Amino acid sequence: MHDSFLTDEQRMIRQAVREFAEKDVRPRAAEIDETDEFPRDLYQKMADLGWFGLLLPPEAGGSGADTYSASLVHQELGRVSAALANMYAVAIEQADFFWALGNEAQRPLARRVASGELISCLAVTESHTGSDVAAITTTAVRGGDHYVINGAKAFVTLGKVIDLLVILAVTDRTKGKRGMSLFIIERGTPGFSFGRKERLMGIRGLATGEVFLENVRVPVANRVGPEGEGLRVALNGFNFARICMASMATGLTQGAYEEALRYARQRKAFGQAIYDFQAVQFMLADMWVDIQAAQGLLWQASKLRDAGRPYLAEAAAAKLFASDMAVRNISNAVQIHGGAGYTKDYPVERMYRDAKLTQIYEGTNQIQRLIIARQIASAG
Ligand SMILES: Cc1cc2nc3c(=O)[nH]c(=O)nc-3n(C[C@H](O)[C@H](O)[C@H](O)COP(=O)(O)OP(=O)(O)OC[C@H]3O[C@@H](n4cnc5c(N)ncnc54)[C@H](O)[C@@H]3O)c2cc1C
């Protein structure tokens, strides 16, 4: 987004994140990818800088910033490390979740997630179902003042390092989509265990893995929202998550664009910089245009969210466009690097792998198109 459209606060946030990303993250981005180790110190530093609580109101210990400010944090982190941007997404989404949807006893969890004291994640997907959320089979059976939960969750981001897990479970199968509820489960609760850590293509370092739930007993007080409302609440939460994913994809493309531009200026072929070939210039021009377009869609979805207006189609459009253009353009960033781009000596190789996830996560792009098609049909 052009600087002149940003508020002073947004410019300051962007500058602060850029400094952190350049100084603390860039030197370690390749190492995080290679070792696949969760960088707890960097996670905590983002919390200490107040970025996880950016959207929380001051009474919750946050800064009450607007949604596009959070998008700028994402974009700046994604420009250097998509893994850090994804960690940021999980933290800010969970802080927002507890504050917006928790009851009086659960709301303080927002502050504890924002401070980095607690790591929390939403676990909906199961090994047999992701897009078809209503087909989950994890159950929560009520018995007096508690529920007994049985099932397994797959692809839990930060799964191996979480303190809290928010899960979606079936509470009444006869009620279909109205028979699911959300529950908070604490690490260490008997019957709660971790399975294998996934060996991922990209966005590595997030300790993503399986979680097993075997006769896990949780008090009724751990249910978030009314019984039967879990699916609706979880699906609503995906709207903001899509802004996060679109922001990450946009930042990632900006980073790859800068790498490609630098390389094109310095690499020589046929006696000239490859930048001087129009075929290369056009790839870079397309990248620049796509980044501006994605920022425009993000800005629109963010503004609607802040205004408290529906933004389902706009968030889906931002996520769809930003992730597709990220894969397309980062492929071209690799192309501009030639053979060098296919090696781990240049960050575009990692960025290309990272970009692919953005077309899958928070609802695949086929699902985004379904959402948009339904919305435009209902709008007449
Ligand atoms: C690294 C990573 C981290 C993740 N983190 C989390 C997390 O923290 N929490 C969580 O709950 N989940 C998480 N997920 C899961 C993710 O949200 C799902 O992978 C995603 O929603 C797709 O579900 P699926 O993998 O089951 O694919 P499927 O639903 O099996 O889809 C397979 C293919 O079929 C297509 N398809 C399915 N239904 C339709 C349809 N109706 N119309 C057209 N095409 C369709 C899909 O678009 C896709 O191309 C994560 C996944 C990954 C890879």
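Q: How many Å separate the centres of domain 1 and domain 2?
A: Taken over C-alpha atoms, the centres of domain 1 and domain 2 are 24 Å apart. The contact (heavy atoms within 4.5 Å) takes 22 residues from domain 1 and 21 residues from domain 2. This is a predicted model, in which local features need pLDDT of at least 70 and side-chain atom pairs count only at pLDDT 80 or more, while totals for chains, interfaces and linings use all residues. Residues are numbered from 1 along each chain as its sequence is written, and side-chain values use heavy atoms, with hydrogens and water left out.

Q: Where do the domains lie in the protein?
A: Domain 1 covers 3-114, domain 2 covers 120-227 and domain 3 covers 231-378; the bounds come from an automatic or database domain assignment.

Q: What about salt bridges, how many are there between domain 1 and domain 2?
A: There are three salt bridges between domain 1 and domain 2, each being a side-chain nitrogen of Lys or Arg within 4 Å of a carboxyl oxygen of Asp or Glu. The side chains of Asp 36 and Lys 197 also form a salt bridge, at 3.5 Å from N to O.

Q: And which helices supply at least two residues of the side of domain 1 that touches domain 2?
A: They are H1 (8-35), H2 (40-48), H4 (82-101) and H5 (108-114); helices are DSSP runs of H or I with at least four residues, numbered from the N terminus. H4 gives the most, with nine residues.
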